[in-house]
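Keep the 3D view open as you read, and look up each residue when its name comes up.

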Amino acid sequence: MTAPEPTPPAMEAPLSDRAFLGHPKGLGYLSFTEACERFSYYSMQTLLVLYMVKYLLLPGHIDGVVGLDWVRAHFYPGLDGQPLASAIFGTYTALVYGTPILGGLVADKLIGRKATLIAGGVLMAIGHFLMAFEGSFLFALAALVVGVGFFKGNIASQVGALYSDTDLRRAMAFQIFYIAINVSVIAAPLISGTLGEKVGWHWGFGTAGVVMVLGLFIYLSGARWLPADNRPVAGSGVPKVKLTRDDWMRVAALVLLVPVMAIALLTNQEIFNAYLVWGDAHFQLDFAGFVIPTTWLVTLDAALSFSMLVAVAAFWKWRSTRTGGEPDELGKMIIGSVFTMAGGLCLTIAALGQGSGKIGPFWPVMFHLLNSIGFAHILPISLALFTKVAPKSITSTVLGLYYLAFFAANAMVGWIGGLYSSLPTPTFWLIHVASAGFGLVAFVLFKLFVADRMNARATAVVAV
């Protein structure tokens, strides 16, 4: 019995395609693929700083890392221990979000987004498996940096390509997409984090590699349901699309938004760096004789982020039904900044009241709750905004620009995280409150003076 011939996928799924939660079946395959990729990535995020501080950078281990002495002498002179770990973490996570521009260019101009995504997944799996060996630490990070760059923008652009500009399901699709991500962020610390802390660091990294391979199989198995590739075909007779002046103005508006988002994201990105070091040393993690792994703080954050994504989406849908309207993308990002500031203030209050004892669960939980509400109003909303506004012929490249916000945010986290050991802890967290306040003011100014240029296209598309 032969398999049926696969039908070529359309560039945009028809409105009648509602096989996955009322959305195109391709969204399901892309969401599960992204869930596996994010599981592997957040396994690294969860373990990396603790692995370096508590194992790799200690005497007897640090000397075995190939090339680390040279890197340390040229890029991190004078740094040791926690500041060195924070600096390496910041460089790694910044580069991870800098390389999507390269991945977008490769996809848009050379081999198409599908081949670029697959190459990225293979490189990520190799990187995770290399983490099982101390000596190959820097080579593993390099493979992961390039792999994530090839993967990230090219999967998000495929989500957007499933929908026409007038399909009202587009924005909700990115909410579903982010929910899949957060399920993985919940699972990664529980599985990889626990294995890494309780069994062996390399078990945690190896698990991430296995899940990344699973993600590649899921993506390949759903090929017929995915949007058509964007690889140029020689002799096709299809002329290259030239960008208009309006296209360039919209791209310029998005570029201006990137550094603002970078600063606004600082508190959220610090969760994987100095926050874990602080929590490991000063949070009350011993309950009834069981010491909760520090990495479970990331699971707490992800669980609340997942819940708030669902709750926020339901709230705005309910409000829209009751009142006939809701804020646009920038309006919701303004609201998100207020909640992010409130979350940072929770950490400041906890640090001020700590004294010589351990910090109880109330303030950390409140931080994660409020920060998660802010996250739900900023991250998926901004991604949907970029895919809506970006010219279609360079969507992958523009999404690479979007991830520059994370590049800059994580670079700042690497530097600011290193100040944790030298600044009073309340001052350290007030810096993060100020960064969210900057985002609040900047988003207001964007809404007042730049929003018209960003919304010049596809006025029929509603905001999330």
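A search through this whole predicted model turns up six salt bridges. As background, side chains of opposite charge can pair when their charged atoms come close. Three of these pairs are described in the table.

| Salt bridge | Closest N to O |
|---|---|
| Glu37 and Arg38 | 2.7 Å |
| Asp247 and Arg250 | 2.2 Å |

Together, Glu34, Glu37 and Arg38 are linked in a network of salt bridges. Are Glu34 and Arg38 buried or exposed? Both of them are buried. Arg38 has a relative accessible area of 2%, so it counts as buried. Glu37 is buried as well, because its relative accessible area is 0%.

An α-helix has 3.6 residues a turn, so residues three or four places apart point the same way. Glu34 and Arg38 are four residues apart in helix α1, which means that about one helical turn separates them. Asp247 and Arg250 are three residues apart in helix α9 (residues 245–264), so they too are separated by about one helical turn. This second pair is also out of view: Arg250 counts as buried because its relative accessibility is 3%, and Asp247 counts as buried because its value is 12%.

Now step back to the whole chain. How many helices and strands does the protein chain have? There are 18 helices and two strands. Of the 464 residues, 55% count as buried. Look also at contacts between residues at least 6 apart in sequence: 85% of them join residues at least 24 apart.

Much can be learned from the largest nonpolar core, which has 124 residues. Within this core, Phe137, Trp278 and Tyr402 touch the most other members. Helix α1 (residues 25–56) supplies the largest share, with 15 residues. Which residues does Phe137 touch, not counting those up to four places away in sequence? They are Leu48, Tyr51, Met52, Leu56, Val65, Ile88 and Met131.

Aromatic rings come next. A pair of aromatic rings is described by the distance of the centres and the angle of the planes. The count of aromatic pairs in this model comes to 21. In one of them, the ring centres of Tyr41 and Tyr42 are 5.2 Å apart and the planes meet at 80°, so this pair is edge-to-face. Tyr41 and Tyr42 are each buried. Tyr275 and Phe283 form another edge-to-face pair, with 5.7 Å from centre to centre and 75° between the planes. Tyr275 is buried, as is Phe283. Ring pairs also join Tyr275, Phe283, Trp278, Phe367, Tyr420, Phe428 and Trp429 into a cluster.

Charges can meet rings, too. The charged end of Arg224 sits over the ring of Trp225, 4.7 Å from its centre. Lys25 also lies over the face of Trp225, at 4.2 Å from the ring centre.

Next, visit Gln354, found in the loop between α13 (329–352) and α14 (362–389). Why does Gln354 count as buried? Its relative accessibility is 17%, and the cut-off for buried is under 20%. Leaving aside neighbours within four places in sequence, Gln354 is in contact with Trp278, His282 and Ile359. Gln354 and Phe283 are 71 residues apart in sequence, while their C-alpha atoms are 9.6 Å apart in space.

Helix α5 (residues 113–130) has 18 residues and, at 1.5 Å a residue, should span 26 Å; its end C-alpha atoms are 26 Å apart, so the two values agree. Its buried residues include Arg113, Lys114, Gly120, Gly121 and His128. Helix α16 (residues 404–417) has 14 residues and should span 20 Å at 1.5 Å a residue; the distance between its end C-alpha atoms is 19 Å, which agrees. Among the buried residues of α16 are Phe406, Asn410, Val413 and Ile416.

Notes
Residues numbered from 1 in each chain as written. Predicted model: local features only at pLDDT ≥ 70, side-chain atom pairs only at ≥ 80, totals over all residues. Heavy atoms only, no water. Core = buried A, V, L, I, M, F, W, Y, C linked by side-chain atoms within 4.5 Å. Buried < 20%, exposed > 50% of the residue type's maximum accessible area, 1.4 Å probe, protein only. Contact = heavy atoms within 4.5 Å. Phe/Tyr/Trp six-rings, centres within 6.5 Å; stacked < 30°, edge-to-face > 60°. Lys NZ or Arg CZ within 6 Å of the ring centre and 35° of its normal. Expected span 1.5 Å × (residues − 1). Salt bridge = Lys/Arg side-chain N within 4 Å of Asp/Glu carboxyl O.
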